[in-house]
Amino acid sequence: MFKKLIEKGIEKSPWLLHINTGSCNGCDIELVSVITPRYDAERMGFKLAGTPRHADIVVVSGPITSQSKERLVRTLAQVPDPKVVVSIGSCPRSCNVFHGSYSVEGPLDRYCDVDVSIAGCPPKPEAIIDGLAKAVEILKTKRRGK
Amino acid sequence: MNNILQFLFYILIFPGFAFCVVAGLLIAGIDRKLVARMQKRIGPPILQPTYDFLKLLGKETIIPRHAARKVYLAAPVVGLLSLVTVSLFIPIFNFSIFDKPVADLIVIIYLLTIPGVALIIGGSASGSPYAGVGISREMVAILSYELPLVIVLLTIGRKVGMALDGNITFSLKAIVDYQAQYGPMIAQWSMIPAAIALLLVIPCKVGSLPFDIAEAEIEICEGPLVEYSGPPLGIFKLNHAIKMFIMTSLFVTLFLSGAGTNFVALNVLIQFALAVVVTFISISVLKAITARLRVEQTFKFYWTYPTALALLSLVLVWLGL
């Protein structure tokens, strides 16, 4: 029964950590609109955490620049298990228009396993909420598999 | 034997651990819902803090390499224990677990400081620079709210003591008896400034928005909690919720109490409902309409307005009004 209660908690209270790895701020603003009154993802329990130690879902936006690569890997290592990585926008998938730049070392799946990837430049807030809901499902299966 | 069982019941279930946890998590949830409704959001379900706590129990605990392991893990538990102890001393209308006066307001002042100190010790044991900034801010917060809090409690002690024997009393039972006889303390006009001062102290004590300088998420990543994860973080969040209930319940006992009804369960319900109202006035409204103050602004605010209000009440009471 205790296990079931914890699973319920994991389903209802996923905390997000947002990492910007050289994004143009477009996706960041869409993410902000997800957690502010218009879309209010807090009603599903989503909350922005200040530090990687508190996070369950890591949201990455932007092509991985060479400056942010090392920081990204170090931050991801600090997140306690179970954790899920979600990429927002086209940049972490394919580097988008920044592909081939001398300072871009993406895409994201070179450095970690990406569980959910939300497409769009930038994706709509509805799409982000949908992706986060899928991420919660993956979080639950990861907790069960442990 | 029977006596021991009874005390175990008091400590573990009511009005101790289990009751505190349930009431605290409920009050924290109601507060989040109220703030959300005031910001025109739907808001999280009322059980949201409970879900957060359960989730944190199921997460991995990471202990940083530079942390002092034992202190780091013990600090949240010490805070929780002291809060549960406070809840044993606060009478709920005419219900109190001690017949004789064993503990008074002075013990409560000391015990209520311990969660803040536990936060400081836990943060400094984690060895993070963000926690260093956070604990220095927490110390400033404790310095700022302690002064008006002590003056308010002194005022109440003087008011009740004058009616009893012309002296000062700090017995909580005497305070409740006084209110049963003369009506709630807030009905005395000379006590209204003290009540406002205590309402202003509560948000800083529980670390909610205009005064959450120690746990500023955006500036210093929740300060002392920056390295905590998993169950210890969950216990810190639980401390936060219980502190909210204890402080509002203490306000109800000091200012809105009285004879109550003959049924303990009904009394508890009334106490909880009044605590929710106090939470709404002093925590939720302030949280919804203000932004975070800077460290020195908090300090200046508490040593001017709430202190002045509390002193005004103290002078009025000393003059016999």
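Student: Which residue of β4(A) stands opposite A:Ile57?

Tutor: A:Val84 stands opposite A:Ile57 there. Before we go on: the model is predicted, with local features needing pLDDT of at least 70 and side-chain atom pairs counting only at pLDDT 80 or more, while totals for chains, interfaces and linings use all residues. Residues are numbered from 1 along each chain as its sequence is written, and chains are lettered from A and ligands numbered from 1 in the order in which they are written.

Student: What makes β3 and β4 of chain A a pair?

Tutor: Two strands pair if DSSP finds at least two bridges between them. β3 (residues 57–61) and β4 (residues 84–88) of chain A have 5 bridges, in the parallel sense, so they meet that rule. Strands themselves are DSSP runs of E, at least two residues, and helices are runs of H or I, at least four, numbered from the N terminus.

Student: What is the strand order in the whole sheet?

Tutor: The order is β2-β1-β3-β4-β5 in chain A, an open sheet of 5 strands with parallel pairing. Strands of a sheet pair through backbone hydrogen bonds, either parallel or antiparallel.

Student: Why are β2 and β5 of chain A called edge strands?

Tutor: β2 (47–48) and β5 (116–118) each have a single partner strand, so one side of each is left without a neighbour in the sheet.

Student: Which helices sit against that sheet?

Tutor: Helix α2 (residues 26–35) of chain A lies across β1 (15–20), β2, β3 and β4, running at about 145 degrees to β3(A). Helix α5 (residues 125–145) of chain A packs on the sheet too, touching β3, β4 and β5, with its direction at about 165 degrees to that of β4(A). Those angles run from 0 to 180 degrees between N-to-C directions, with axes fitted to C-alpha atoms, for helices over the stretch in contact.

Student: Why are α2(A) and α5(A) called roughly perpendicular?

Tutor: They pack at an angle of about 75 degrees, with axes 9 Å apart. Under 35 degrees counts as roughly parallel, over 145 as roughly antiparallel, 65 to 115 as roughly perpendicular and the rest as oblique. The pair α2(A) and α5(A) is therefore roughly perpendicular.

Student: Which residues make that contact?

Tutor: A:Glu30, A:Leu31, A:Ser33 and A:Val34 of α2(A) meet A:Pro125, A:Ile128 and A:Ile129 of α5(A). By class, that gives 5 nonpolar, 1 polar and 1 charged residues. Contact here is C-beta atoms, placed from the backbone, within 7 Å. Nonpolar covers Ala, Val, Leu, Ile, Met, Phe, Trp, Tyr, Cys and Pro, charged covers Asp, Glu, Lys and Arg, and the others, Gly among them, are polar.

Student: And why are α2(B) and α3(B) oblique?

Tutor: Helix α2 (residues 17–38) of chain B and α3(B) pack at about 120 degrees, axes 7 Å apart, and by the same cut-offs α2(B) and α3(B) are therefore oblique. In that contact B:Leu25, B:Ala28, B:Gly29 and B:Arg32 meet B:Gln48, B:Pro49, B:Thr50 and B:Phe53, which by class comes to 4 nonpolar, 3 polar and 1 charged residues.

Student: What does chain B give to the contact with chain A?

Tutor: Chain B gives 27 residues and chain A 19. On the chain B side, α3 (48–57) and α9 (217–220) are the elements with two or more residues, and α3(B) has the largest share, 6 residues. That side has 12 nonpolar, 6 polar and 9 charged residues.

Student: What makes A:Pro82, A:Pro122 and A:Asn96 worth a look?

Tutor: Most residues other than glycine have a negative phi, and most peptide bonds are trans. The bond from A:Asp81 to A:Pro82 is cis, omega near -10 degrees, in the case of a proline found in the loop between α3 (66–77) and β4 of chain A. A:Cys121 and A:Pro122 are also joined by a cis bond, omega about -5 degrees, and A:Pro122 is in the loop between β5 and α5 of chain A. A:Asn96 has a positive phi of about 50 degrees although it is not a glycine, and A:Asn96 lies in the loop between α4 (91–94) and β5 of chain A.

Key. Two residues are in contact if their C-beta atoms, placed from the backbone, lie within 7 Å.
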